[in-house]
Amino acid sequence: MNKAQAERRINELRAEIDQHDYRYYVLDAPSVPDAEYDRLMRELQALEHDYPEFSSAESPTQRVGGEPLEGFAEVRHETPMLSLANAFSEEEIHQFHDRVLRGLETEHADYVAEPKLDGVAIALRYRDGRLQQAATRGDGVTGEDVTSNVRTIAAIPLQLRTPRVAPAWPATLEVRGEIYMPLAGFIQYNEKLKKDGGKELVNPRNAAAGSLRQLDPRLTAQRPLAFYAYSMVAAEGMPESHFEALALLKRWGFPVNPEIQRVRDAVGCLAYYRAMAEKRPNLPYDIDGVVFKLDDREQQSTLGFVSRAPRWAIAQKFPAQEEITRLLEIDVQVGRTGTITPVARLQPVFVGGVTVTNATLHNLDEIRRKDVRAGDWVVVRRAGDVIPEVARVVIERREGDPAEFQMPEHCPVCGSAVERDEGEAAFRCTGGLFCAAQRTRSIQHFVSRKALDIEGLGEKLVVQLVESGLVHSVADIYMLTREQLTGLERMGEKSADNLLAELDRSKTPDLDRLLYALGIRDVGEVTARSLALHFKSLDKIMQANEEELLDVPDIGPVVAGHVHSFFREPHNTDVIAQLEAAGVRWQAVESAGGEQPLDGQTWVLTGTLGMPRARAKNLLEALGARVSGSVSAKTSVVLAGEAAGSKLRKAKKLGVEVIDEAAFNRLLESYGSSL
């Protein structure tokens, strides 16, 4: 065989093996026995060994893994990998569906329903059809580069297939999915470990996660990992339907779960959930629930996101696993927002693949309802297969008459008073600006963009300042020195000088921004502005009684009580005095008054905008406009971004005015004094 013949045969073998992989992993219809597949692979390996000049990273032989890695590099996701809200009952699914219908102003909604695999989320980035990078979810914003390990997973294509029917894949593509370990593979691998005297894997999910974090890709290659794609990030030519996008991914060579279906309304979602609950014991992989996503991408864009989760998707979890153990004592912990949560300290018990020593008791009402007492034997379950909780007490095993648990009157961390609003379940520490448990969260909120907007003082730096002992309250950030800052990790002299300049600039905030920054419970931007406009002075707000606070427009008894309590807590007023001593001087705000320029207009946003959609909505509302989710004859203007779809077409059909983002920015500039 000469060199030209060897190159031709190598290319033939690679194409044939790729086709067999596609039929096996994607179509679930293998066309040759394993022995024939192995023969083809051995022939290819031999030819690549004899003719190394024809080596390729996309060859199926390269899945065996390369040399060990020194560590995993960080990868920042261009589009965050968001978590999903969870539902645990049919009622919650109906509530979710009702919110979707209200948000879309429609009567029906189509969803894509899929099993929620108990594995590891992964983001796969392709350039010109070739796998370039694979990253874990991490915290949703930053993950780890595990490309070398992911390349060993045969179910993940190294080179995308060109479909017979258009469209072909775009030049840049990001696909997301779940890496998991099939149950049969998990059992077989554990049997091998046991036979070899190794430590057995706890459960398939931990096995998958641990496999991806092996520094030696050759070890990952030995693990029986599989993959299902569940979404593609917005790309050129992407279908408007999520269901059709999944079909397109399958044509490009990605495995897509065959259990995925398109369903209509809450009735269809719940029918799918029940069907998958019945199938669950016989599936070849672990699932802990099902996921429902709006099928229409335009509708997804309309609903947007709340916090770190989309409004257009939800996961409905299956009932959790349970075990029985002894509750040794009831303790409390203070959360980052001041909520005081009772915690059960347990005799260690193995539940759902992990050893549990602590479990949440939620709140005092739950403790009373379940009659939980120290010393009881209790049933523990992992709520949603994740968070351990005490489900119920085994009353017949109670010994004697143990005392009822009482919530503390003072915060166990800072000693501030503990309050509970009438009609609410949660107890809270009132020392928001002082309490060490809330310190990091309160400072991060204080410096955030909508509060004092201190550029350069991000979340990670705040954590570093708190953990180093340099900052104990928001006032301490104004006492930082150049020497202290340059002594921190990754903080150079220029960065330190820039931060000090930002801190100095932030010393004259508007009163409403300062009020919002203080983190008073239920005092958002609008309430803070109402307080600032009404009282004009922080001193007057601090001295106001609840009756005087109720005179402020849009402030009711609950918020008035929160504001009054906040300023009656000495720890909080001490911090405000420290802010004054550090040179912080807040400015009174004045009402814009009069009519707004866009009063009476209805606007609709569609497509991808350069600015966050929430910001565009806020700017329009500040100018007096109403922002709607659908186009009608009553629509005044449609703001159309990139890849605008059905709303843009409907606007043109109805003759509604359409502007692009450049025109929108010019409009904002012309109304600059009103914003």
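Modeller: Let's start with Ser416, which is buried, with a relative accessible area of 1%. Here buried means under 20% relative accessible area, exposed means over 50%, and partly exposed is in between, using a 1.4 Å probe and protein chains only. Before we go on, please keep in mind that this is a predicted model, in which local features need pLDDT of at least 70 and side-chain atom pairs count only at pLDDT 80 or more, while totals for chains, interfaces and linings use all residues. Residues are numbered from 1 along each chain as its sequence is written, and side-chain values use heavy atoms, with hydrogens and water left out.

Colleague: Okay, and where is Ser416 found?

Modeller: Ser416 sits in the loop between β18 and β19. The helix and strand names come from DSSP runs, numbered from the N terminus: a helix is a run of H or I with at least four residues, and a strand is a run of E with at least two.

Colleague: What is Ser416 in contact with, leaving aside its neighbours within four places in sequence?

Modeller: With those neighbours set aside, Ser416 is in contact with Glu409, His410, Cys411, Cys429, Thr430, Gly431, Glu569 and His571, where contact means heavy atoms within 4.5 Å. By contrast, the C-alpha atoms of Ser416 and Ala235 are separated by 52 Å, and these two residues are 181 residues apart along the chain.

Colleague: Let's switch to a helix. Which residues of α8 are buried?

Modeller: Helix α8 covers residues 242-251, and its buried residues are His242, Ala245, Leu246, Leu248 and Leu249. They lie on the same side of α8, because they cover an arc of only 160 degrees around the axis, the arc being that of the directions from the helix axis to the C-beta atoms.

Colleague: New topic: how many salt bridges does the structure hold?

Modeller: There are 36 of them, where a salt bridge is a side-chain nitrogen of Lys or Arg within 4 Å of a carboxyl oxygen of Asp or Glu. In one of them, the side chains of Arg326 and Glu399 meet at 3.4 Å, N to O. That pair links distant parts of the chain, since Arg326 belongs to strand β14 (residues 322-334) and Glu399 to the loop between β18 (387-393) and β19 (418-419), 73 residues apart.

Colleague: Is Glu399 buried or exposed?

Modeller: Glu399 counts as exposed, at 57% relative accessibility.

Colleague: Which residue forms a salt bridge with Asp365?

Modeller: That is Arg420, with the closest N and O atoms 2.6 Å apart. Again distant parts of the chain are linked, with Arg420 in the loop between β19 and β20 (427-429) and Asp365 in helix α11 (residues 364-370), 55 residues apart. Arg420 is partly exposed, with a relative accessible area of 32%, and Asp365 also counts as partly exposed, at 37% relative accessibility. There is also a network of salt bridges that links Arg368, Asp371, Arg373, Asp376, Arg398, Asp401 and Glu404.

Colleague: What about rings, how many aromatic pairs are there?

Modeller: The structure holds eleven aromatic pairs. Rings of Phe, Tyr and Trp (its six-membered ring) pair if their centres lie within 6.5 Å, and planes under 30 degrees apart count as stacked, over 60 as edge-to-face and the rest as tilted. Phe96 and Tyr111 form a tilted pair, 5.9 Å centre to centre with 45 degrees between the planes. Phe96 is in helix α3 (residues 90-104) and Tyr111 in strand β3, 15 residues apart. Both are buried: Phe96 has a relative accessible area of 3%, and Tyr111 has 0%. Phe305 and Trp312 form an edge-to-face pair, at 6.3 Å centre to centre and 70 degrees between the planes.

Colleague: Last one: which residue lies over the face of Trp377?

Modeller: Arg397 does, at 4.1 Å from the ring centre. A charge sits over a ring if NZ of Lys or CZ of Arg is within 6 Å of the ring centre and within 35 degrees of the ring normal.
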